[in-house]
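Please open the structure in your viewer and keep the selection panel at hand.

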Amino acid sequence: MPNLVIKFQVMHNKIVLKGLLSAVLNIKPEDITEITYLETTTEKESQKKKLGILDLFVKMSDNKCINIEMQARFFEYWTNRSLYYLTKKFSEQAVREDQYTNKYLYPCISISILDFIWNKDEPSFYNQYYLMNPTSNQIFTDKLIFHTIELPKIVTATDEEKQTPIYRWARFFRSKTWEEYEQCAKGDISMETAVDELKNIHDDQIKMLEYLHRQIEIMDQNQLLEDANTRGYQTGYDSGYNTGYDSGYDSGYDSGFCSAVKSFITDQLLSQTEDDTIIKNLMQIFSLTSEKASEFLNSVKQE
């Protein structure tokens, strides 16, 4: 079955994206008249050479900017990273330092779909966060808004929450079988389109390879750099940075590659694919030898 990384790719279909935005922002799909996909890679910073990658960034017809991300595993500094990306995009709207009016600065909204429990103090799977006065609850500004969807929490959703469109989408992202996908999507054109997209991706081995490599790349490069530096690779700013980054990235890539291969094998086993076919697919997609492919397959079966 498609993993979380592959599920996110269906958001590049505008029909699907409109359905999700409609559910989260509580607006009608027909009121979303235009969606523009924006560049999701920030400029390289001159000193740190830090690469900030947003999963999906779109602009609405009313100029609202929306960052949609899907986080597959717990990340200790996720809150800081999410805040950094959104405030960066907000400030980038002003070309000059004096452009502080509403004509130049539009709301920036973060929608985070998390496959882990981020806020243990909040029982609800879906929450909104604003900048506000904690005493009077007066909102300071609606220019920065954070929506979080914590998928593991849907098992304890209330009856009222289960009636909402956003709960239906959370169930969709949490689904494990085609039967569950189709049950969630029944009667909803955007979700039915999402299921069709998933099936096309699942059946297309070339796209499968592309998305599995994306799964490797989502490992946060800033964290890899920090880990590498801790191990003593940074001996000076220029040479130390490059050495530490390269070593940390190589280590992270190897780990991510194994994870991607095992994830692919698990999907194949769940689809009841024959062992010989799985080995053949591994050799074709990941350029593995027959012996290495068999080794990976046996390892997953024993887990």
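How much space lies in the second largest pocket? About 530 Å³ lies there, where a volume is the space filled by probe spheres set on grid points that are joined across faces, edges and corners. Before you go further, note that this is a predicted model, in which local features need pLDDT of at least 70 and side-chain atom pairs count only at pLDDT 80 or more, whereas totals for chains, interfaces and linings use all residues. Residues are numbered from 1 along each chain as its sequence is written, and side-chain values use heavy atoms, with hydrogens and water left out.

**The pocket and its lining**

Select Ser 22, Ala 23, Leu 25, Asn 26 and Ile 27, which lie nearest the centre of the second largest pocket among its 32 lining residues. A pocket here is an open set of points on a 1 Å grid over the protein atoms alone, where a 1.4 Å probe fits, with protein on both sides within 12 Å along at least five of seven lines, and lining residues have an atom within 4 Å of a point.

Next, colour the elements that each supply at least two residues of this lining: α2 (14-25), β5 (126-132), β6 (139-150), α4 (165-174) and α6 (189-203). Helices (H or I, at least four residues) and strands (E, at least two) are DSSP runs numbered from the N terminus. The largest share, seven residues, comes from α2. If you colour the lining by class, you will find 17 nonpolar, nine polar and six charged residues; Ala, Val, Leu, Ile, Met, Phe, Trp, Tyr, Cys and Pro count as nonpolar, Asp, Glu, Lys and Arg as charged, and the others, Gly among them, as polar.

**Two residues with positive phi**

Stay with Asn 26, which is found in the loop between α2 and β1 (35-37) and has a positive phi of about 60° although it is not a glycine. Most residues other than glycine have a negative phi. Is Asn 26 buried or exposed? Asn 26 counts as exposed, because its relative accessibility is 69% and the classes are buried under 20%, exposed over 50% and partly exposed in between (1.4 Å probe, protein chains only).

Now move to Asn 63, in the loop between β2 (56-60) and β3, where phi is again positive, near 75°, in a residue other than glycine. Asn 63 counts as partly exposed, at 27% relative accessibility.

**Salt bridges**

How many salt bridges are counted? The count comes to eight, a salt bridge being a side-chain nitrogen of Lys or Arg within 4 Å of a carboxyl oxygen of Asp or Glu.

Select Lys 64 and Asp 62, whose closest N and O atoms are 2.8 Å apart in a salt bridge. Lys 64 is partly exposed at 28%, and Asp 62 is also partly exposed, with a relative accessible area of 39%.

Then select Glu 69 and Arg 81, whose side chains meet in a salt bridge at 3.7 Å, N to O. This pair links distant parts of the chain, twelve residues apart, with Glu 69 in strand β3 (residues 65-71) and Arg 81 in helix α3 (residues 78-91). Both Glu 69 and Arg 81 are buried.

Go on to Arg 174 and Asp 115, a salt bridge with its closest N and O atoms 2.5 Å apart. Arg 174 lies in helix α4 and Asp 115 in the loop between β4 (108-114) and β5, so the pair ties together parts that are 59 residues apart in sequence. Arg 174 is partly exposed at 29%, as is Asp 115 at 24%.

Keep Arg 174 selected and show its surroundings: leaving aside neighbours within four places in sequence, Arg 174 is in contact (heavy atoms within 4.5 Å) with Lys 7, Asp 115, Leu 151, Pro 152 and Ile 154. Between Arg 174 and Pro 152 the C-alpha to C-alpha distance is 8.0 Å, at a separation of 22 residues in sequence.

**Last stops: Asn 13 and the cysteines**

Select Asn 13, in the loop between α1 (4-9) and α2, a buried residue with a relative accessible area of 17%. Not counting residues up to four places away in sequence, Asn 13 touches Tyr 37, Thr 193 and Glu 197.

Finally, display the cysteines. The structure holds zero disulfides, a disulfide being a pair of cysteine sulfur atoms within 2.5 Å. Cys 65 is in no disulfide, and the nearest cysteine sulfur, that of Cys 108, is 4.5 Å away. Cys 65 counts as buried at 3% relative accessibility, and Cys 184 counts as buried at 2%.
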